[in-house]
Amino acid sequence: MMDCARYRYWLENQTVLERDDERELERHLTVCPACRQVSHAMLRYEAGVLALRRRTHSVTDEGAVDKIMGAVKMTSRLRPRGSSLQMEPVMNVLTEPVIRYVTGALIVLILALFVFQEAYTQHQLTELAHRLEIRSGDVRQPNGYLSELLRWRRQGMGHISRPLITEQAFNQFMTHADMDRIPLIWRFRYGKNYPQPYENFWRQLMR
Amino acid sequence: MAKQSSAQRDYEIRQLIRLCQEGDLEAFRVLVQAYHGSAQSLARRLVGNRQDAQDIVQEAFIRVWRHLARFDPQKSFIAWLYRIVTNLAYDVLRKRLKQGAPLTFWSDHEDFIDNESAQDEALQIAMTIRYKAARLPLKQQLVFVLRDLQELSVADVAKILDTSQDAVKVNLYHARHALRRYLEADFDS
């Protein structure tokens, strides 16, 4: 059985063959008309490519070089004098791949921290809501102050519109009803000067 | 001997690039003179007509001048230049395809118009290849021009096109296969 695929691979990739392989290919071509046709087509292809290479070869044209140099000088002149000299090293450093990667990594890290803190706060609130619901002993659905708070946060509602079950939580909430809505934002806004009453309120709730 | 002269040329080019990086326009002129021909050949083979090729080469050298300060002279200058030329040519070809304009890739037949050459079978084949290559997908056209016409190595083509060597080989295989089929259809019938 003739291994035409192998010979065609050699022919089509213009593989440089060892002497033995070359003889083997020649022998095959004498007996296989299909591969012979491929071989002729490849020879034709090579001849065409050679002619194309010769015909589309360009030589350096002095007029074109002058034109390019004129354009280059023009772009050099467009730069503000002095500023390019001072800014270039800075720009070179700023556009270094390492600097770009580090900046990108920092941005991703900060975003990840934001997402983590938000998710963590959400988790704490949910847990707390669950605890309060258990403590309340009430089975009405939904029955938690913090479930309401979460729903309220998600829907962007201004007020909690239904009676709350946990009396204590309700009272605390009403005491601090004017507080900002999202703990993460408070922390960003107030930093270490986080207002004490709010701090106490959250600590008490989280206990 | 050839190796020595090649090393000598590389050394000279590196020196030239260093001078250019210090802002020496005369050194840059020598650099342009040294590489204009090959850049022009590549651009013409990629986009077909002389005017577009000249514009591409001019823009490429302007970009080289602008970004030369960041270029590492130890790396291959010609590969960098070819990469800029190829990217610019790719933009031109893509724009043509987007506009749905008639295929103008290699439509410039000025090199083939003399009657004497038209009789030559090799040139007729060349014209066919030139015409049919325009029907190949863009990536295959680029690989065909860089590998078979510019005679660059597969590794260099991969660097210029920012792709893997395997991808280059696959594209080259498909391009050659398609062109061979065209030739078979046109000349064997």
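## Helix 6 of chain B

At 1.5 Å a residue, helix 6 of chain B, whose 13 residues are 121-133, should span 18 Å, and this agrees with the 18 Å between its end C-alpha atoms. The expected span is 1.5 Å times one less than the number of residues in the helix. Helices (H or I, at least four residues) and strands (E, at least two) are DSSP runs, numbered from the N terminus.

Buried residues of this helix are B:Leu123, B:Ile125, B:Ala126, B:Met127, B:Ile129, B:Arg130 and B:Ala133. A residue is buried if 20 or more other C-beta atoms, placed from the backbone, lie within 10 Å of its own.

## Basis of the model

The model is predicted: local features need pLDDT of at least 70 and side-chain atom pairs count only at pLDDT 80 or more, while totals for chains, interfaces and linings use all residues. Residues are numbered from 1 along each chain as its sequence is written, and chains are lettered from A and ligands numbered from 1 in the order in which they are written.

## Chain B as a whole

Chain B contains 9 helices and 0 strands, in the sequence pattern α-α-α-α-α-α-α-α-α. Of its 189 residues, 36% count as buried. Among contacts in chain B with a separation of 6 or more, 65% join residues 24 or more positions apart; a contact requires C-beta atoms, placed from the backbone, within 7 Å.

## Interface with chain A

In chain A, 30 residues are in contact with 39 residues of chain B. The elements of chain A that give two or more residues to this side are helix 3 (33-55), helix 4 (62-78) and helix 5 (83-94). Helix 3 of chain A supplies the largest share, 12 residues.

Key. A residue is buried if 20 or more other C-beta atoms lie within 10 Å of its own, exposed if 12 or fewer, and partly exposed in between; C-beta atoms are placed from the backbone. Two residues are in contact if their C-beta atoms, placed from the backbone, lie within 7 Å.
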